[in-house]
Amino acid sequence: MIDTTALHPRQALLGAQAGAVVLPVCDHYSGVEARMKKSLQLQAEMTEEFGTCVFDVTLDCEDGAAAGAEAEHADLVTGLALAAAPGARVAVRVHPVDHPAFEADVAHIVGRAGQRLCHVMIPKVETLADVERAVAAVDAAGATGLPLQVLIESPGAVRRAFEIAAHPRVQSLSFGLMDFVSAHAGAIPAAGMGVAGQFSHPLVVRAKLEIASAAHASGKVPSHCVVTEFSDLAAVTQAARRAAREFGYTRMWSIHPAQIRPVLEAFAPDPSEVETAALIVAAAQAADWAPIAFGGHLHDRASYRHFWQVLERAHRTGRPLPPQARDWFQPVAA
């Protein structure tokens with residue numbers, strides 16, 4: 001067991017990561033009533049299973065609402081958010097800021113259920129002005145301070161990703177693969193939307209790297225795009241592992257319940273990594289965060305921060321923690 005009187009790693013190791021956003025590694029989208037209800041139930045079941053909320057549920061207005069029925073869908077989403085279990089992480093994707101239903105979406109859903117939302121997703125963000133417009137609408141609905149996540153879906157938005165990520169209300173950048181490919185007027189083949197093509201076409205690879213870099217530069221979360229081959233769990237796992245291990249993403253979308261566990265597995269650190277991280281952080285804490293030698297290697301606050309982040313990721317993915325690390329993740333007494 002650790003010394004509970006010692007400085008907690010989060011306090012000792014903030015350093016350059018002060019204020020960095022930490023989120024569940026999976027963001028699950030659904031927009032059909034039965035599937036939205038099932039998603040919220042699954043979230044509650046998996047929270048009980050893992051002891052922590054391992055994925056967000058985003059109730060989708062942009063793709064979920066039928067044309068002409070946007071108000072009815074917003075009302076449905078509002079009711080589901082209000083009825084969600086205590087502690088549920090529920091978000092909403094509203095229509096883009098230039099869509100006729102945007103203002104009504106925000107006023108109705110955020111105005112009535114803002115206190116139950118963990119964030120609002122704003123799709124098709126092109127400029128910093130789009131972010132400011134979304135912030136003004138959310139604040140006018142009475143949810144001042146509610147975080148925004150944004151979807152980067154065009155070459156122009158990729159170019160402005162760093163300034164968008166730097167906005168204090170922006171919590172995460174997501175990559176909109178399919179719209180990004182379509183925005184190139186056929187210059188990127190349809191294969192660029194598939195699991196193989198999206199990791200090999202130079203323009204898609206460049207966009208992914210720019211978004212990840214922009215997010216990390218401001219301490220925000222880069223969220224990887226969907227896998228459209230939703231029934232091919234091997235493809236989901238392959239994409240998730242590459243996004244996490246090669247492209248710097250710390251979160252990924254799911255569009256089918258079967259994709260959630262493969263995403264969790266792919267973003268989780270290996271058990272050996274978790275064990276090593278726990279030993280190093282515990283030794284660092286015992287040394288009052290001074291440099292130490294471990295396994296023939298020198299470690300200091302820079303490497304301590306890395307190994308602490310491994311433990312944070314293990315916790316967010318519901319992985320078992322070694323005994324010496326468990327107390328770091330116990331709820332703080334009121």
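Predicted model: local features only at pLDDT ≥ 70, side-chain atom pairs only at ≥ 80, totals over all residues.
Residues are numbered from 1 along each chain as its sequence is written, and side-chain values use heavy atoms, with hydrogens and water left out.

Ser 154 lies in the loop between β5 (148-152) and α6 (155-159); helices here are DSSP runs of H or I with at least four residues, strands are runs of E with at least two, and both are numbered from the N terminus. With a relative accessible area of 10%, Ser 154 is buried, a word I use for under 20%, with exposed for over 50% and partly exposed in between, using a 1.4 Å probe and protein chains only. The side chain of Ser 154 also reaches the backbone nitrogen of Ala 157 at 3.1 Å.

The other serine, Ser 174, sits in strand β6 (residues 170-175) and counts as buried because its relative accessibility is 0%. Its side chain makes a polar contact of 2.9 Å with the side chain of Trp 253. Not counting residues up to four places away in sequence, Ser 174 touches Met 121, Val 150, Leu 151, Ile 152, Ser 223 and Trp 253, contact meaning heavy atoms within 4.5 Å.

Now to the aromatic rings. The count comes to 6 aromatic pairs, under a rule by which rings of Phe, Tyr and Trp (its six-membered ring) pair if their centres lie within 6.5 Å, with planes under 30 degrees apart called stacked, over 60 edge-to-face and the rest tilted. Phe 199 and Phe 247 have ring centres 5.3 Å apart and planes at 70°, so this pair is edge-to-face. The pair links distant parts of the chain, 48 residues apart, with Phe 199 in the loop between α8 and α9 (202-217) and Phe 247 in the loop between α10 (233-245) and β8 (251-254). Both Phe 199 and Phe 247 are buried.

Trp 308 and Phe 329, on the other hand, form a stacked pair, at 5.2 Å centre to centre with 10° between the planes. Because Trp 308 lies in helix α13 (residues 301-316) and Phe 329 in the segment after α14 (323-326), the pair ties together parts that are 21 residues apart in sequence. Trp 308 is buried at 6% relative accessible area, and Phe 329 is buried at 11%. Ring pairs link Trp 308, Trp 328 and Phe 329 into a cluster.

Helix α13 also holds Phe 307, which is buried, with a relative accessible area of 16%. Leaving aside neighbours within four places in sequence, Phe 307 is in contact with Thr 276, Ala 277, Ile 280, Val 281 and His 299.

Finally, which residues lie nearest the centre of the second largest pocket? They are Tyr 29, Asp 60, Asp 63, Arg 93 and Ile 255, out of 28 lining residues; a pocket is an open set of points on a 1 Å grid over the protein atoms alone, where a 1.4 Å probe fits, with protein on both sides within 12 Å along at least five of seven lines, and lining residues have an atom within 4 Å of a point.

Note on methods
Polar contact = N/O pair within 3.5 Å; in protein donor to acceptor, adjacent residues only side chain to side chain.
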